[in-house]
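Subject: Structure handover

Hi,

Here is the structure I said I would pass on. Please open it alongside this note; my findings follow.

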Amino acid sequence: MLRTIRTSVTAMQAASSKMDQISLNISNLGTSGYKRGAVEFKDLVYETMNRKGYPVSANTTGANMSTNGTGVVSTTSIMDNTEGELELTGYKSDISISGRGYIRVKDGNNNTLYARVGSFAVDAKGRLTDSNQNILDIRFENGKTYDNANFTQDNYTIKEDGQVLISDKNGNTTVGHLDIYDAIGDNAFRYLGGGLYAPASDATVYRTTSSKIVQGSVESSNVAMEQEEADMITTQRAFQLASKSLQTADEMLGMANNLRK
Amino acid sequence: MIRGIYTAVSGMITQEAKQEVITNNLANVQTAGFKADNMVVKKFDDVLIENCDKLENGKNKPTIIGSLSRGSKIDGTYTNYNQGDFENTNSTTDFAITGKGFFTVQRTDASGNTKNYYTRDGHFHVDNKGYLRTDSGDLVLGLNLKTNKEEPMQMGQSEVGVDSNNNITLDGTKAYRLSVNDFSDYGKLKKQGNNQFEGDNPTNITNSKGLAISQRVLEKSNVDVTGEVVSMMTVMRSYESSQKVIQSLDETLEKVVNEVGTVR
């Protein structure tokens with residue numbers, strides 16, 4: 001009977017970690033660049049029923065031997081890398097990617113982080129920074145740096161292939177490239193929050209040219225509300241079923257307790 | 001009288017075991033590729049009872065009263081291999097088999113030995129080295145169409161597709177076939193946890209004509225919730241009846257000991 005209680009508890013735990021993931025997805029419905037995570041389940045080990053005090057047929061090893069499962073566990077969340085819809089905003093500062101990959105930013109400690117989408121404003125030192133002061137990592141050419149490229153709010157253009165142009169009275173000058181990076185594997189990038197990702201320790205990050213930079217647009221999250229709602233309903237019912245099993249086990253234990261009045 | 005108590009207790013224990021199986025089914029109601037179990041109860045062999053109360057020519061003569069069952073026992077767990085419902089997903093690395101067969105996955109243990117396991121759960125993903133893996137981290141095996149060898153599937157960064165002949169295409173080029181095995185006797189399959197089965201003498205049906213592999217689809221658990229909840233209720237009530245039997249036997253025994261045996 002205690003096995004039944006433990007099995008029900010594993011089911012309730014698994015259902016609630018799925019529910020955690022669903023609520024994370026739903027709460028990030030409006031977060032640009034957010035990728036939904038998916039939690040699945042797997043069953044736990046099976047144990048034989050041929051144990052002390054259990055009346056079992058002689059058949060304990062061959063076909064259809066008496067075993068019972070010990071519950072369920074939720075798996076690690078796997079990132080759904082499908083692309084969200086690109087929303088046109090018309091602001092030059094909004095940069096997103098069409099296709100796979102990430103753009104690179106540097107944080108205050110010069111650590112490299114990755115992002116799917118970003119709104120970058122020109123700060124006092126002429127650098128393109130997001131709202132958390134992370135600096136957009138541009139591969140500068142022709143001796144240019146942020147210090148001498150003279151970015152202003154509206155003088156720069158980023159082309160589809162990542163070419164960064166600055167226009168002034170002498171025409172357009174290429175100052176560098178905004179590169180797109182990618183790595184093999186669905187879970188190669190870990191979500192850090194704030195729209196930023198970091199590569200997993202065993203991921204090999206490389207530069208890709210098969211995706212395109214889209215300036216003036218924002219990628220919406222790829223969470224589909226209908227799917228999350230449906231998942232939420234089934235998960236809640238699964239939780240309820242597990243709690244009913246727990247309740248039944250408790251009642252049965254109560255009966256066993258009441259054998260002796 | 002005392003025997004009756006043991007008979008009723010054997011009933012309570014088997015019902016308890018049955019409840020364990022039902023609870024496990026309910027716990028796995030959302031587990032992809034899960035196959036429900038059913039525990040079968042069997043009665044113990046009957047015993048013949050007789051008494052020697054009858055006197056004939058001054059001697060006791062045995063009279064057969066009839067047979068008596070000594071209770072119930074667990075006969076075995078049978079797994080229901082019926083197909084579960086299909087659910088559409090967004091992921092290109094979700095697969096499902098229509099009809100018979102199991103995906104083949106390879107697990108490497110701590111000492112470096114590999115062993116194949118079989119699963120109906122086609123929720124796979126590409127790891128950071130480009131290999132197709134299950135949620136438990138086991139490698140998914142496929143038939144390499146170039147070398148005709150069974151090996152872990154290297155998907156890399158490619159766009160995964162499935163054509164009508166069950167070939168896995170990478171960026172539109174046929175590259176692999178998911179390795180699918182079937183068994184002649186499902187009764188001998190052993191559940192291993194992780195949605196996997198262990199079995200000997202698999203029949204490779206990777207290239208079989210009748211096989212149909214769908215992409216962006218997951219086979220859900222085949223647990224019948226209503227049926228399981230009904231069995232849960234039945235089992236609980238049956239447990240309760242056995243408990244009542246024990247209680248009334250206890251009351252009768254009490255009368256025997258305290259009232260019949262009283263000396264006034």
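At what angle do helix α3 of chain A and helix α2 of chain B pack, and how far apart are their axes? In this predicted model, the angle is about 10 degrees and the axes lie 10 Å apart. The helices span residues 225-257 in chain A and residues 225-260 in chain B. Angles under 35 degrees count as roughly parallel, so α3(A) is roughly parallel to α2(B).

Who meets whom there? From α3(A) come L241(A), K244(A), S245(A), T248(A), E251(A), M252(A), M255(A) and A256(A). They meet V225(B), V229(B), M232(B), V235(B), M236(B), Y239(B), E240(B) and Q243(B) of α2(B). By class, this helix contact has ten nonpolar, three polar and three charged residues.

Now the whole interface. Contact involves 67 residues of chain B and 64 residues of chain A. Together the chains bury about 5,300 Å², with 56% of it on carbon and sulfur atoms. Q30(B), N128(B) and Q157(B) supply 14% of the area that chain B buries against chain A, more than any other three residues.

Between the chains, the salt bridge count is zero. Polar contacts link 22 residue pairs, both residues at pLDDT 80 or more. On chain B, elements that each supply at least two residues to the side touching chain A include α1 (2-27), β1 (37-43), β4 (72-79) and α2. The largest share, 14 residues, comes from α1(B). By class, that side of chain B has 22 nonpolar, 29 polar and 16 charged residues.

Best wishes

Conventions. Residues numbered from 1 in each chain as written. Chains lettered and ligands numbered in written order. Predicted model: local features only at pLDDT ≥ 70, side-chain atom pairs only at ≥ 80, totals over all residues. Heavy atoms only, no water. Axes fitted to C-alpha atoms, helices over the stretch in contact; angles between N-to-C directions. Helix = DSSP H or I, 4+ residues; strand = E, 2+ residues; numbered from the N terminus. Parallel < 35°, antiparallel > 145°, perpendicular 65-115°, else oblique. Contact = heavy atoms within 4.5 Å. Nonpolar A, V, L, I, M, F, W, Y, C, P; charged D, E, K, R; others polar. Buried area = accessible area lost by both parts, 1.4 Å probe. Salt bridge = Lys/Arg side-chain N within 4 Å of Asp/Glu carboxyl O. Polar contact = N/O pair within 3.5 Å; in protein donor to acceptor, adjacent residues only side chain to side chain.
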